[in-house]
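Keep the 3D view open while you read.

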Amino acid sequence: MKPGYRYIDEIAPADQAFEAWGASLEELFCSCAKATFEVMTDLSKVEPEKSFAIEIETETLDELLYLFLSEIIYLKDTERSFYSEFDLRIEAGNEFRLSGKVSGEKIDSERHVLKTDVKAVTYHQFQVKKRKDGYYARVVLDL
Amino acid sequence: MKKIKISDHIWEIPTTEKEGMRVPARIYGSQSLIESMDEGVFEQVTNVAKLPGIRKYAFCMPDGHWGYGFPIGGVAAFSLEEGVISPGGIGFDINCGVRLLKTDLTLEEVEPKKRELLDLLFRIIPAGVGAKGFVRLTNEKFRELMVNGAGWCVENGYGEPEDLGRIEQGGKLPGAKPEKVSKKAFQRGMNQLGTLGSGNHYLELQVVKPENIYDGEKARVLGFDKPNQITVMIHCGSRGFGHQVATDYLFEFNRVMPKYGLFTEDKELACAPYTSVEGQDYHGAMACAANNAFANRQVITHRVREGFSRIFGKSPKDLGMEIVYDVAHNIAKIEAYELDGKKEKLLVHRKGATRSFGSGHPDVPERYRSIGQPVIVGGSMESPSYLLVGTTRAEEETFGSTCHGAGRTMSRSKAKKMVRGHDLKRTMEEHGILVRAVSMPGLAEEAGVAYKNISEVVEAVDSAGLSKKVLQLLPIANIKG
């Protein structure tokens, strides 16, 4: 299965919902991150110039995705940057652990397309599931 | 879901409709507004009715639409002893709200300089994703701001002492606990003070035409005494700071609920007993975010005054640039209401709903006490906004609450498919509304077609007696993030 995402219109008309998929958890999380940043900008114009390390440990897979997306939204504000590349490793067992780095560049209104800011990840109809051929998630972003 | 008609403007969903409902749900609105509401509103308002310690009814205002946990337009009051506090009843944008400034300038005076004025305001008020504020804060100053809200701004030269009396709660929610705010929220908020944000946030120049004044006497008390007066409306909230506080505590509450024997099917409705450690911590952090939002609107006000001053060559005072009022529409507050013949302090959650205290209420500023608290209802970019006043009836019926805006009916993607940003900008300019937008796709998403008819919403709260119309404000220029 090729990783990817699709925006859903029906769930949260005031905001933005998406579903994402990937053969592995890493691919799934990467699809979710791209779907989140594509709401804010045209990702093809964002160069992976600078990297930031991320490490998250949680009790459940749901929590791991919620905290990961919250982390990159936080990094968007504090570094005033968009991110286009995500190099992640996820260990799933009794606990869940994500480590890796996100790469992007400072927001530049001259070069980047500015769309709508993402305020937060919501738990509204939030889903992360293992399917026959990989992993699937549904997320609603608050704009 | 079964809805019983109580009156022309009130519809009730009885407790028999859903297992676990502790109180009935009451939705305000005309028949046509109720019929156009998505089913999610009724689902969510009845979920709210299941929360422990809820008193009287779970309410939804006429601008209700599907939210997270609570519907937008949701109002619920909880017992302080047995009740809960829920981030989902406040929203991610804590103390998102609307401020209205008046000027003594008229349309005739502003029209020739409108373009120049709007360009200047667009330059000095940062907006959109990635925008950075101009106020440099240290951790220490930021902590003071979290506790003192708009008062901090006045102390630091961003406003006049008399501004504070024209902001809900004096621009300072008590009980702020900066030590309960995460380092992440500190870092996110540090460089965003005085920024407008994006999404549905805006700064708008408006005109009050004589034919749009419904109550001349009240309008005069509110500062409108000449034809075609110009106003400025600011709609924004606590920016990344508040979003982070909400994110942190939503996560935390979902973890601690089992400890308190609490369960909600919808994780966005996560809650904790108000008296619990977590409940108190969130309340303290939420107050910090609320104060940050009051400060944000205060700093933006300062910049608006500077902009007008530069263009018209007069001081803000000489231009009559006074705050009419500032309302919070995403907040939880402790207020006292009479229940079963006894006054009781309750925690009132308003999520996309505005406080609406009537004349004589001690929390209404003295200059407005004879007419009731000003209620500001902001429209979408293309439509009018309204200034109303609160009523004693709202205090008696809806824990002193009324509507907050138009309410979205169309998805962002659909709006973008129907309208292109550049076309919308041109059409609006043809109708006399100048637009400056950071984001053209963002502009299209906020097109008027995506929203309910605000006039119908305002008629509904006026007829229901939850607040009374005073005047209508027509947009003449708009800044969007």
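Q: What makes a helix crossing left-handed or right-handed?
A: A crossing is left-handed if the near helix is turned anticlockwise from the far one by less than a right angle, and right-handed if clockwise. Helices here are DSSP runs (H or I, at least four residues), numbered from the N terminus. H4(B) and H10(B) cross in the right-handed way, so by that rule the turn is clockwise.

Q: What should I know about the model and its numbering before going on?
A: It's a predicted model, where local features need pLDDT of at least 70 and side-chain atom pairs count only at pLDDT 80 or more, while totals for chains, interfaces and linings use all residues. Residues are numbered from 1 along each chain as its sequence is written, chains are lettered from A and ligands numbered from 1 in the order in which they are written, and side-chain values use heavy atoms, with hydrogens and water left out.

Q: At what angle do H4(B) and H10(B) pack?
A: About 145°, with the axes 10 Å apart. Axes are lines fitted to C-alpha atoms, for helices over the stretch in contact, and angles run from 0 to 180 degrees between N-to-C directions.

Q: Where do Asp77(A) and Arg188(B) sit?
A: Asp77(A) is in H2(A) and Arg188(B) is in H7(B), among the residues where these helices meet. The two axes come within 8 Å and cross at roughly 40°, and the crossing is left-handed.

Q: How many residues of chain B are in contact with chain A?
A: 42 residues of chain B touch 40 residues of chain A. The buried area (accessible area, 1.4 Å probe, that two parts lose on being put together, summed over both) is about 3500 Å², and carbon and sulfur atoms give 54% of that. On the chain B side, Tyr68(B), Val129(B) and Phe251(B) lose the most area to chain A, together 20% of what that side buries.

Conventions: Contact means heavy atoms within 4.5 Å. Helices (H or I, at least four residues) and strands (E, at least two) are DSSP runs, numbered from the N terminus.
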